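Have the model open and follow along.

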Amino acid sequence: MSLSDLQHHLAGQRQLLVAFSGGLDSSVLLHQLVCLRQQHALALRAIHIHHGLNPLAESWATHCRQQCARWQVALEVVYVQVDGREKGIEAAAREARYQAFRQHLQPGECLLTAQHLDDQCETLLLALKRGSGPAGLAAMPVSARLDSHLHLRPLLTQTRAQLEQWAAEHQLGWVEDDSNQDTRYDRNFLRQVILPELSARWPHFARAAARSAALCGEQEQLLDELLAESLRSLMDEKGALAIAPLAAMSDSRRAALLRRWIAQHQGLMPSRDALARIWQEVACSREDAEPRLLLGNVEIRRFRGRLYWLPVAVSVRDKVIGWPLTVSTLALPAKMGRLVRGDTGTKVRAPQADETVSVRFQAQGKIHIVGRAGSRPIKKIWQELGVAPWLRERTPLLFYGNQLIAAVGVFVTREGDPKEQPGWKISWQQDEQ
């Protein structure tokens, strides 16, 4: 690939962060960008992810530091922890890498990664092995989003042989990861065993596979455009999805919209079976149920005819936090923010001298709230006030002794009514999620 081709692939981006492993692919990409920087104004940085999985990992980091010093490229070496017990080493390492990229990308910066044509072919075959649909078979796009940042793969049209040729012409050195020879890993098995056989029989197999991936990508993009308006009409301002209109749709259209709803929340694409469970076990469960389906570190819940995509929260159900009278601000657990006693917020009576003040996150039995006649079970109160089940145990409850006084920001009980007294005003300042 010529430098003019590379410049075209950059799509006008000038602030670049290159994922630099020190291997052939990223070494060629970084070198090409260094050459391009001599002709055009580029703000170029590199990031090396140290997984700590290989005894040679520290020497690879040293190589990257030395190479970047020679090329006058600022480098960040980021150490990550990889736990492959749940998803396997390959998936866990990839997740750790991309989490590090998210944390270290600067405003306005574009991420560049060095996947090439052979990588694309491997990705397509892995998707076939998993039984993926068109979205999975589209493999890796040349251009994508990583949160608010652009993510480009400018080498996707280049073969490994072409990258080796560039490296030879410019006398580049790179590191070799010996684990790439371990065919216990699926991608290495394809690379070392299967693809050489396929390419020997059909020399242009990788390009043909990449073309198929591109066609699948085009079909997915078309579906995105055709379904975008339907999806917008089904979602509310919180991103919750209306169930009733989905029930009237064909299975295939409903599944396509559910996939795109999940993509809107940047979730991992579920299997066909997982989609069916979302619909049957959550959306279509009995009316009085409070269904929930766990998908990794998120859960899908239903409330008042809508599906909600929620991060799994740390339980605070059994927490009891004392609130000394001399302290005006009380920190809440699990990144829930703080309660502040001041000039604004929920108004309650002040505690009496013999009453201890605490904050809890569960209450039982019947309560009588201000503004309502008679007492009712607290579960009914939550329902009448439209508080979703997952928020009920994450709303701070103010207690004086063992008496419930208020759910801050939601209701005040008859026992907490300040009537005409000055009382206290308590506001809940929540952390941004």
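Start in strand β10, where Tyr 308 is the bridge partner of Arg 301. Keep in mind that this is a predicted model. The pair belongs to a run of six bridges that joins strand β9 (residues 298-303) to β10 in the antiparallel sense. Between the two strands of this hairpin sit two residues, and Arg 304 takes a positive phi near 50 degrees there.

β10 (residues 306-311) also pairs with strand β7 (residues 241-242), again antiparallel, through two bridges. If you want a spot to look at, find Leu 241, which stands opposite Leu 307 of β10.

## A three-strand sheet

Next, look at the open sheet with the order β12-β13-β20, whose strands pair antiparallel. Which strands stand at the edges? They are β12 (329-331) and β20 (424-429). Each has a single partner strand, so one side of each is left without a neighbour in the sheet. Going from one strand to the next, the twist averages 50 degrees.

Zoom in on β12 and you'll find three bridges tying it to strand β13 (residues 338-348), in the antiparallel sense. Leu 330 has Leu 339 as its bridge partner in β13.

## A parallel pair

For a parallel case, go to strand β1 (residues 15-19) and β2, which are joined by five bridges. Here Leu 16 stands opposite Leu 44 in β2.

Is strand β2 largely enclosed or left open? Seven of the eight residues in β2 (residues 43-50) are buried, so the strand is largely enclosed by the rest of the structure.

Now for some helix packing. Helix α2 (residues 24-37) and helix α7 (residues 160-169) have axes that come within 10 Å and cross at roughly 55 degrees. An angle between 35 and 65 degrees counts as oblique, and α2 and α7 are therefore oblique to each other. The crossing of α2 past α7 is left-handed.

Which residues make the contact? From α2 come Leu 24, Asp 25, Val 28, His 31 and Gln 32, and α7 brings Arg 160, Leu 163, Glu 164, Trp 166 and Ala 167. Sorted by type, the residues of this contact are five nonpolar, two polar and three charged.

Technical notes. Residues numbered from 1 in each chain as written. Predicted model: local features only at pLDDT ≥ 70, side-chain atom pairs only at ≥ 80, totals over all residues. Heavy atoms only, no water. Axes fitted to C-alpha atoms, helices over the stretch in contact; angles between N-to-C directions. Helix = DSSP H or I, 4+ residues; strand = E, 2+ residues; numbered from the N terminus. Parallel < 35°, antiparallel > 145°, perpendicular 65-115°, else oblique. Left-handed = near helix turned anticlockwise from the far one by under 90°. Contact = heavy atoms within 4.5 Å. Nonpolar A, V, L, I, M, F, W, Y, C, P; charged D, E, K, R; others polar. Buried < 20%, exposed > 50% of the residue type's maximum accessible area, 1.4 Å probe, protein only. Pairing = 2+ DSSP bridges.
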